[in-house]
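Work through the exercises below with the sequence and coordinates open. Each task is followed by a stepwise solution.

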Amino acid sequence: MREKLLKILPEFNLIENEELKEKTIKVLEEAINIGGWEIEDLDKIPFTLLYEPCPASFLEHTRANVLCCIAVMNVLKEIYKDKVKIDKDILISGAILHDVGKLLEMEKKDGKVVKSASGKLLRHPVSGACLAYKYGIPEKIIHIIANHSKEGEGMKRTIEGVILHHSDFTNFEIF
């Protein structure tokens, strides 16, 4: 499964810390397994159930978020230089995993993707943060996962969390 994930989500290779890269892969593998998905489903699963039909897949949304986050990081670093401290590995891992809980929040039923029983109880930021915690993902990344959506309103976000939050909503609201 690992090699297939690296092929369809090459952004894993942008994580320089090998231990973090491997943990990030493991979290996504676990979510796929728990959710009963196949790797090929990642490019078929809608990134949200709020649009019908959904114009982008889970995989497209994830990749777009990673690349948008990197672009914003690069601009901020170019303009502000050392006035801003952004941890690239934290940002990329967080962008890859921010919606990992959606693989638990949704299920395939009668040929359609619908909200799962788990998803009716826990939104994806919560289930995704729990899964990341299980695999020893650093707290700064768990923070990004847990606070990237409305669950983070009113909370202070890290700079990486701010970048991902705005990237995610940009990638949602364009549709």
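Predicted model: local features only at pLDDT ≥ 70, side-chain atom pairs only at ≥ 80, totals over all residues.

Residues are numbered from 1 along each chain as its sequence is written, and side-chain values use heavy atoms, with hydrogens and water left out.

**Exercise 1.** Find how many salt bridges there are.

Solution. Step 1: apply the criterion, a side-chain nitrogen of Lys or Arg within 4 Å of a carboxyl oxygen of Asp or Glu. Step 2: the count is twelve.

**Exercise 2.** Characterise the salt bridge between arginine 63 and glutamate 11.

Solution. Step 1: the N to O distance is 2.8 Å. Step 2: arginine 63 belongs to helix α3 (residues 58-80), and glutamate 11 to the loop between α1 and α2, 52 residues apart. Helices (H or I, at least four residues) and strands (E, at least two) are DSSP runs, numbered from the N terminus. Step 3: classify by relative accessible area: buried is under 20%, exposed over 50%, partly exposed in between (1.4 Å probe, protein chains only). Arginine 63 is partly exposed because its relative accessibility is 29%; glutamate 11 is buried because its value is 4%.

**Exercise 3.** Which parts of the chain does the salt bridge of lysine 108 and aspartate 41 link?

Solution. Step 1: the closest N and O atoms of lysine 108 and aspartate 41 are 3.5 Å apart. Step 2: lysine 108 is in strand β1 (residues 106-109), and aspartate 41 is in the loop between α2 and α3. Step 3: aspartate 41 counts as buried, at 8% relative accessibility.
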